[in-house]
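Please look over the structure below before reading on.

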Amino acid sequence: AIVEKISRSALSHVHSFSPQELSNVLWGIARTSEVMQLAQSHPAAMLALAVIGESTKRIASLSAQCLTNQFWAVAKLDLKGPVVNAFVNTCLPQLRSMMLKEISPQGFANSLWACAK
């Protein structure tokens with residue numbers, strides 16, 4: 001019940017989240033999903049989709065760590081649809097350009113796992 005309330009409350013503020021906050025929220029939802037089944041209509045899933053959409057708009061402002069964490073979270077949540085497809089299609093070229101310069105070994109491993117998923 002608390003996750004639903006927090007998700008509903010945060011939904012209207014996604015546009016004002018910093019890149020780090022976007023990443024943290026999506027990562028937190030993905031971790032929470034390990035103990036909860038999130039249907040696409042669940043408020044946390046709706047928040048995740050809003051965060052994914054906002055992240056797509058601001059992909060260039062995401063650090064390598066934020067980007068790899070979000071890519072992992074999207075795969076972990078197993079959400080589908082045009083918002084997710086747009087994020088993945090925008091995220092992959094950005095990851096590719098950062099790959100050897102900025103991404104840590106852990107971020108690289110998380111991204112490979114996400115691609116395999």
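Contact here means heavy atoms within 4.5 Å. By that rule, and leaving aside its neighbours within four places in sequence, Ser7 is in contact with Pro43, Ala44 and Leu47. This is a predicted model, in which local features need pLDDT of at least 70 and side-chain atom pairs count only at pLDDT 80 or more, while totals for chains, interfaces and linings use all residues. Residues are numbered from 1 along each chain as its sequence is written, and side-chain values use heavy atoms, with hydrogens and water left out.

**Terms for helices and burial**

- Helices (H or I, at least four residues) and strands (E, at least two) are DSSP runs, numbered from the N terminus.
- Buried means under 20% relative accessible area, exposed means over 50%, and partly exposed lies in between (1.4 Å probe, protein chains only).

**The nonpolar core**

- A nonpolar core is a set of buried Ala, Val, Leu, Ile, Met, Phe, Trp, Tyr and Cys residues joined through side-chain atoms within 4.5 Å.
- The largest such core has 34 residues, and Leu26, Ile52, Leu77 and Leu79 have the most contacts inside it.
- Two or more residues come from each of helix H2 (19–32), helix H3 (43–57), helix H4 (64–77) and helix H5 (82–98).
- With nine residues, H4 gives the most to this core.
- Leu26 is placed in helix H2 and counts as buried because its relative accessibility is 0%.
- Leaving aside neighbours within four places in sequence, Leu26 is in contact with Ala48, Val51, Ile52, Gln70, Ala73, Val74 and Leu77.
- Leu26 and Val84 are 58 residues apart along the chain, and their C-alpha atoms are separated by 13 Å.
- With the neighbours within four places in sequence again left aside, Ile52 is in contact with Leu26, Val74, Leu79, Val83, Val84 and Phe87.

**How the helices pack**

- Two packed helices are described by the angle between their axes and the distance between the axes.
- Axes are lines fitted to C-alpha atoms, for helices over the stretch in contact, and angles run from 0 to 180 degrees between N-to-C directions.
- Angles under 35 degrees count as roughly parallel, over 145 as roughly antiparallel, 65 to 115 as roughly perpendicular and the rest as oblique.
- A crossing is left-handed if the near helix is turned anticlockwise from the far one by less than a right angle, and right-handed if clockwise.
- For residue classes, Ala, Val, Leu, Ile, Met, Phe, Trp, Tyr, Cys and Pro count as nonpolar, Asp, Glu, Lys and Arg as charged, and the others, Gly among them, as polar.

**H2 with H4**

- The axes of H2 and H4 are 9 Å apart, and the helices pack at an angle of about 30°.
- H2 is therefore roughly parallel to H4.
- The crossing of H2 past H4 is left-handed.
- Residues of H2 in the contact include Leu22, Leu26 and Trp27, and those of H4 include Gln70, Val74 and Leu77.
- By class, this contact of H2 with H4 has 11 nonpolar, four polar and two charged residues.

**H4 with H5**

- H4 packs on H5 at about 140°, and the two axes are 10 Å apart.
- These two helices, H4 and H5, are therefore oblique to each other.
- H4 and H5 make a left-handed crossing.
- Among the residues that meet are Leu67, Phe71 and Val74 in H4 and Phe87, Cys91 and Leu95 in H5.
- The contact of H4 with H5 is made up of 11 nonpolar, three polar and no charged residues.

**H2 with H3**

- H2 and H3 cross at roughly 145°, and their axes come within 10 Å.
- This crossing of H2 and H3 is left-handed.
- H2 contributes Leu22, Val25, Leu26 and Ile29, while the residues from H3 include Ala48, Val51 and Ile52.
- Nine nonpolar, one polar and one charged residues form the contact of H2 with H3.

**Other single residues**

- Ser7 is in helix H1 (residues 2–11) and is buried, with a relative accessible area of 4%.
- Thr56 lies in helix H3 and counts as buried at 18% relative accessibility.
- Ile59 is in the loop between H3 and H4 and counts as buried at 10% relative accessibility.
- Asp78 is in the loop between H4 and H5 and counts as partly exposed at 44% relative accessibility.
- Asp78 has a phi near 55°, a positive value in a residue other than glycine.
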